[in-house]
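Let's take a walk through a protein together, one piece at a time. Keep the 3D view open and turn it as you read.

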Amino acid sequence: MQGKRDIDRFLQHEIDVGSFPGAVYAVGNPHEIEYENALGNSVSVPLRVPASIDTIYDCASITKPLITTALVLQAVDEGRIRLDDEFEGFRYRDLLTHTSGLRAWLPLYAYAYAGERGSGTADLYRNAILEHGPEYPRGTRVVYSDLNFVLLWIALERLYGDYVALANERIIERLRLGDAMFRPPSSLRPRIAATEWGQRWERVMCADRKIVFDGFRDGLVWGETHDGNSYYAGGTAGNAGLFATARAVYGIARGWLDGTLVPPALLAESTRNFTEGLEENRGLGWILSFPKHSATGMLSPRAFGHTGFTGTSVFIDPDRERVMVLMTNRVHPVAGPVAMQKIRGEFHRLALS
């Protein structure tokens with residue numbers, strides 16, 4: 001199959017030049033995976049572990065649409081909330097489209113650790129967001145922000161209770177996905193792709209903002225979520241924390257498409273452009289195709305998907321009946337500058353050809 005051979009050659013080249021130590025991908029239609037492969041290593045230091053189809057990756061921010069957005073839209077479908085309702089002064093619609101006015105990132109754990117003993121992490125995260133998060137008028141800009149989805153995590157826990165239990169019951173178990181999970185047990189570590197050595201990236205981000213925190217992890221982050229806000233919240237804060245194989249990510253995407261997770265009307269609503277004329281095309285939780293975007297410029301106008309900081313992505317092109325999942329651990333062992341958007345764009349081009 002020419003498309004598979006072309007993708008293999010391309011990804012192997014990126015591994016050879018050091019873009020990431022390994023990759024697993026799955027390409028298919030809305031009903032089944034048509035081809036997949038694993039290349040390189042899931043761990044490169046301090047030992048080498050070859051990547052396989054069964055390698056479990058830290059999904060990072062693709063948790064946002066696959067899990068958190070699905071749960072919010074299920075709450076809408078059940079009449080528990082409406083998209084124009086407010087939570088802590090922010091409309092759900094604005095949180096989902098990243099037009100809330102909140103700044104891009106804060107180390108909420110730094111504020112939580114400085115908070116009163118005995119207070120819940122969610123409450124401390126909420127207080128930090130409300131005090132330090134607002135940056136610009138609502139609806140005037142698209143600023144991609146983890147803070148939006150941390151607030152959605154808090155909202156879901158208030159509505160339903162434990163977020164992880166909710167995700168397991170309503171998404172992972174409903175789709176019968178054995179290789180998707182939060183807080184993976186240590187016994188699965190040999191199957192998990194490692195990420196960064198220490199939290200060097202977030203150390204620098206905190207230093208740039210003159211925020212002091214002395215609780216950073218120093219060793220290899222392997223089998224626990226790379227994202228600091230999720231890690232210090234116990235494994236997820238709604239913005240990250242999902243671990244899954246490429247097949248499992250494909251399975252969740254298919255659950256979106258076939259109506260298992262959200263009704264077709266809400267899928268159509270979630271993939272409508274709410275930010276026309278702003279910096280990015282955004283649906284509810286999803287990145288929409290944008291001609292000038294190096295990862296989506298080759299996709300059809302109705303395409304949607306999402307990316308993750310660790311090097312993951314899932315994009316769906318309904319007009320060409322393509323689901324494209326790329327899983328890498330490009331932050332291992334160091335989160336250096338990598339042209340991941342261009343890499344994703346070439347992967348999509350080859351998958352579509």
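This is a predicted model: local features need pLDDT of at least 70, side-chain atom pairs count only at pLDDT 80 or more; totals for chains, interfaces and linings use all residues.

Let's begin with a sheet. Seven strands make up an open sheet, in the order β3-β2-β1-β12-β11-β10-β9, and their pairing is antiparallel. At the edges sit β3 (49-50) and β9, each of which pairs on one side only.

Now zoom in on strand β11, residues 312-317. Is it buried or exposed? Buried counts as under 20% relative accessible area, and six of the six residues of β11 are buried, so the strand is largely enclosed by the rest of the structure. You can check this face by face: Thr312, Val314 and Ile316 are buried on one side, and Ser313, Phe315 and Asp317 are buried on the other.

Who are the neighbours of β11 in the sheet? On the β10 side (residues 304-308), five bridges join the two strands, which run antiparallel. Look for Thr307, which stands opposite Ser313 in β11. The two strands form a hairpin with three residues between them, and Gly311 in that turn has a positive phi of about 115°. Strand β12 (residues 322-328) pairs with β11 too, again in the antiparallel sense, this time over six bridges. Here Asp317 stands opposite Arg322 in β12. This pair is also a hairpin, with four residues between the strands, and Glu321 in the turn has a positive phi of about 50°.

Ile287 has Gly305 in β10 as its bridge partner. Then there's a helix to find: α12 (residues 340-352) lies across β1 (22-28), β2 (33-43), β10, β11 and β12, and it runs at about 140° to β12.

Next, stop at Ser294, in the loop between β9 (287-288) and β10. Its relative accessibility is 33%, so Ser294 counts as partly exposed. Which residues does Ser294 touch, leaving aside neighbours within four places in sequence? They are Gln341, Lys342 and Gly345.

Finally, let's look at empty space. Rolling a probe the size of a water molecule over the atoms shows where such space is left. The largest pocket has a volume of about 690 Å³. It is lined by 29 residues, and the closest to its centre are Ser61, Tyr144, Asp146, Gly308 and Phe309. The elements giving two or more residues to this lining are α8 (200-208), β10 and α12. By type, the lining has eleven nonpolar, ten polar and eight charged residues.

The second largest pocket has a volume of about 270 Å³. Of its 16 lining residues, Thr271, Arg302, Ala303, Phe304 and Pro318 lie nearest the centre. Both α11 (264-270) and β11 supply at least two residues of this lining, which divides into ten nonpolar, four polar and two charged residues.

Key. Residues are numbered from 1 along each chain as its sequence is written. Side-chain values use heavy atoms; hydrogens and water are left out. Buried means under 20% relative accessible area, exposed over 50%, partly exposed in between (1.4 Å probe, protein chains only). Two strands pair if DSSP finds at least two bridges between them. Contact means heavy atoms within 4.5 Å. Axes are lines fitted to C-alpha atoms, for helices over the stretch in contact, and angles run from 0 to 180 degrees between N-to-C directions. On a 1 Å grid over the protein atoms alone, a cavity is a set of points where a 1.4 Å probe fits but cannot get out, and a pocket is an open set with protein on both sides within 12 Å along at least five of seven lines; lining residues have an atom within 4 Å of a point. Grid points are joined across faces, edges and corners, and a volume is the space filled by probe spheres set on the points. Ala, Val, Leu, Ile, Met, Phe, Trp, Tyr, Cys and Pro count as nonpolar, Asp, Glu, Lys and Arg as charged, and the others, Gly among them, as polar.
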